[in-house]
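This report describes a two-chain model, beginning with the overall build of one chain and ending with the other. The sequence and structure come first.

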Amino acid sequence: MIEFRGVSKTFPDGTRAVVDVDIVIPPRKTTVFVGSSGSGKTTLLRMINRMVDPTSGQVLIDGTDVATREPVALRRGIGYVMQNSGLLPHRTVIDNVATVPLLRGARKRDAHAHALELLDTVGLDRSLADRYPSQLSGGQQQRVGVARGLAVDPNILLMDEPFGAVDPIVRAELQQELLRLQGELGKTVVFVTHDIDEAFLLGDQVVIMQHGGKISQAASPTEILANPADDFVAEFVGADRGKRALHITEVGGRRIVLDGDGRAAGVLAS
Amino acid sequence: MNLFLDGIAWILDPANWSGPGSIPQRLWEHVSITALVLVIASAIALPVGAVIGHTGRGREPAVRVSGGLRALPTLGVLTLFGIWLGIGLAAPIIALVILAIPPLLAGAYAGFESVDRRTIDAARAVGMLESQIVGKVELPLGMPIVVGGIRSATLQIIATATLAAYVANEGLGRFIFEGLKTRDFPQMLGGSILVIILALVIDGLFAVIQRLVVPAGVRASRTRELRSRPTRSRAVVGQPIIEGNQK
């Protein structure tokens with residue numbers, strides 16, 4: 001369990017990225033921070049592995065304040081997946097995946113054997129192991145990034161807009177892969193995105209951030225749609241329009257679901 | 001042109017290839033001075049450049065100091081130290097070190113700065129120590145530019161090390177000063193040609209080194225259509241989008 005207690009962050013230039021945030025991130029679930037740029041969502045994520053230290057307040061992992069942990073040791077125990085994969089361009093795929101186990105002193109042979117298994121886990125062919133990141137597609141690079149994040153079998157996996165830079169088809173593919181992986185592995189996933197559809201698809205808990213680093217609402221997607229906390233949330237999730245404002249019409253005895261623009265979205269199964 | 005041929009003839013004259021003050025001896029002295037200066041200047045400039053490039057701090061003072069050093073006329077510096085330290089190698093070595101520091105420093109911090117900040121951020125986020133970020137990420141990726149700095153410093157040292165002969169009995173510069181003094185222009189020109197040949201050979205050597213230090217993953221050209229089939233079936237989402245007119 002990860003807990004933010006009264007966490008604020010003011011950067012040296014005076015920007016208030018996060019203001020007085022309290023949130024509990026349940027274990028073995030996916031929590032998605034969603035908001036526009038400048039809402040402090042990435043800052044919150046980076047506080048978990050001490051890439052950013054809060055100005056005030058505490059971040060606790062299983063009851064221990066991360067401020068008491070040595071940053072490098074803390075980071076080596078937490079998976080981190082970032083946009084643009086963040087792979088080391090001068091190392092092969094397998095060396096990238098094995099980076100952290102090798103830093104922790106694993107034997108090279110063991111680390112490589114495990115890295116090959118992780119390529120299977122994330123749906124990459126083992127023949128790619130000796131390629132360099134620049135020889136992979138964007139989607140493949142992101143998979144390698146996920147494999148690297150899983151390499152030390154962490155309890156916590158931090159994902160900072162991991163699918164932000166790939167095309168929509170590949171993104172949909174990667175989202176489904178993540179759902180499958182999460183079903184198998186049951187990690188505590190903390191995911192950051194600006195895409196509300198992605199948040200609703202992946203999140204058990206969705207945390208909606210508004211500009212200025214405040215939490216507007218933290219709840220399940222169902223709860224957010226049923227009871228948006230305020231106008232900002234309602235507007236942000238688009239509950240009153242488009243594909244979320246569905247209504248039913250009867251045609252020939254079957255109930256057809258129409259979206260906000262009156263286009264057929266599907267048939268109501270009963 | 002005749003003078004030029006005389007210079008070549010002087011170089012090829014077997015009499016100049018043996019005994020004290022012969023071409024091999026002067027060449028060896030010249031290379032030794034260059035190497036010594038390079039080692040001293042690198043020991044000063046490369047760590048400082050690495051720290052500046054890694055932390056992003058101190059760039060402004062470094063630029064100003066190396067700009068100032070660049071503006072110093074080496075002959076003047078040499079004369080000054082020569083008067084102070086007397087005849088010998090100390091004065092030219094100091095003058096040459098001052099000459100070599102700016103390109104080495106610039107190469108080092110430019111090399112470290114050239115590494116993508118996101119790559120460094122990711123290396124830190126997965127748990128690399130700062131020293132590991134420097135040694136395993138920034139150094140290998142910035143190496144081609146660092147070597148570029150060493151290359152340009154080396155060329156400047158080789159060319160300017162001729163001045164060592166001004167206050168010391170060392171290096172290929174001896175032929176130039178000797179020839180000037182005795183109006184032996186073939187010898188003077190021959191000495192100059194030797195310096196040029198040495199510079200070209202060493203530069204060629206560095207060109208090869210600079211190529212070799214480009215990490216394989218960076219050299220590997222982006223190849224299209226390398227996507228192979230995943231080991232397990234992936235979710236199929238929608239139809240493939242086909243844009244434009246199909247032929």
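In chain A, 60% of the contacts between residues at least 6 apart in sequence join residues at least 24 apart; two residues are in contact if their C-beta atoms, placed from the backbone, lie within 7 Å. The model is predicted: local features need pLDDT of at least 70, side-chain atom pairs count only at pLDDT 80 or more, and totals for chains, interfaces and linings use all residues. Residues are numbered from 1 along each chain as its sequence is written, while chains are lettered from A and ligands numbered from 1 in the order in which they are written.

**Chain A as a whole**

Chain A contains ten helices and 13 strands. These elements are DSSP runs numbered from the N terminus, helices being H or I with at least four residues and strands E with at least two. The C-alpha trace spans about 65 × 45 × 30 Å along the principal axes of chain A. Of the 270 residues of chain A, 43% count as buried. A residue is buried if 20 or more other C-beta atoms lie within 10 Å of its own, exposed if 12 or fewer, and partly exposed in between, with C-beta atoms placed from the backbone.

The domain assignment divides chain A into domain 1 (2-237) and domain 2 (240-270); such bounds come from an automatic or database domain assignment. The C-alpha centres of domain 1 and domain 2 of chain A are 35 Å apart. An unreviewed UniProt entry lists residues 2-237 of chain A under "domain: ABC transporter". UniProt positions are given in the numbering used here, feature names are shortened, and annotations may be inferred rather than shown by experiment. Over residues 2-237, chain A is 38% helix and 25% strand, and the end C-alpha atoms lie 25 Å apart.

**Helix α7 of chain A**

Helix α7 of chain A covers residues 168-185, and its 18 residues should span 26 Å at 1.5 Å a residue; the end C-alpha atoms are 25 Å apart, which agrees. The expected span is 1.5 Å times one less than the number of residues in the helix. Which residues of α7(A) are buried? They are A:V170, A:R171, A:E173, A:L174, A:E177 and A:L178. Viewed down the axis of α7(A), the buried residues fall within an arc of 155°, so they line one face of the helix. The arc is that of the directions from the helix axis to the C-beta atoms. On the face of α7(A) turned away from the buried side are the exposed residues A:P168 and A:G183. The cover over the buried residues of α7(A) includes α6 (138-150) and α8 (196-202) of chain A. Just after α7(A), A:G186 has a positive phi of about 60°.

**Single residues in chain A**

A:V81 sits in strand β6 (residues 79-82) of chain A and is buried, with 28 other C-beta atoms within 10 Å. Leaving aside residues up to four places away in sequence, A:V81 touches A:G145, A:V146, A:G149, A:L157, A:M159 and A:P162. A:V81 and A:L158 are 77 residues apart in sequence, yet their C-alpha atoms are 6.1 Å apart in space.

Most residues other than glycine have a negative phi. A:D20 has a positive phi near 50° and lies in strand β2 (residues 16-25) of chain A. A:D20 counts as partly exposed, with 15 C-beta neighbours inside 10 Å. A:R28, with a positive phi near 60°, is placed in the loop between β2 and β3 (30-34) of chain A. A:R28 also counts as partly exposed, with 13 C-beta neighbours inside 10 Å.

**Chain B**

Chain B has eleven helices and zero strands. Of its 247 residues, 36% count as buried. Among contacts in chain B between residues at least 6 apart in sequence, 73% join residues at least 24 apart. For "transmembrane region", an unreviewed UniProt entry lists residues 33-55, 67-87, 93-112, 145-168 and 188-214 of chain B. Two of these stretches are set out below.

| Stretch of chain B | Helix | Strand | End C-alpha atoms apart |
|---|---|---|---|
| Residues 67-87 | 81% helix | 0% strand | 29 Å |
| Residues 145-168 | 83% helix | 0% strand | 34 Å |
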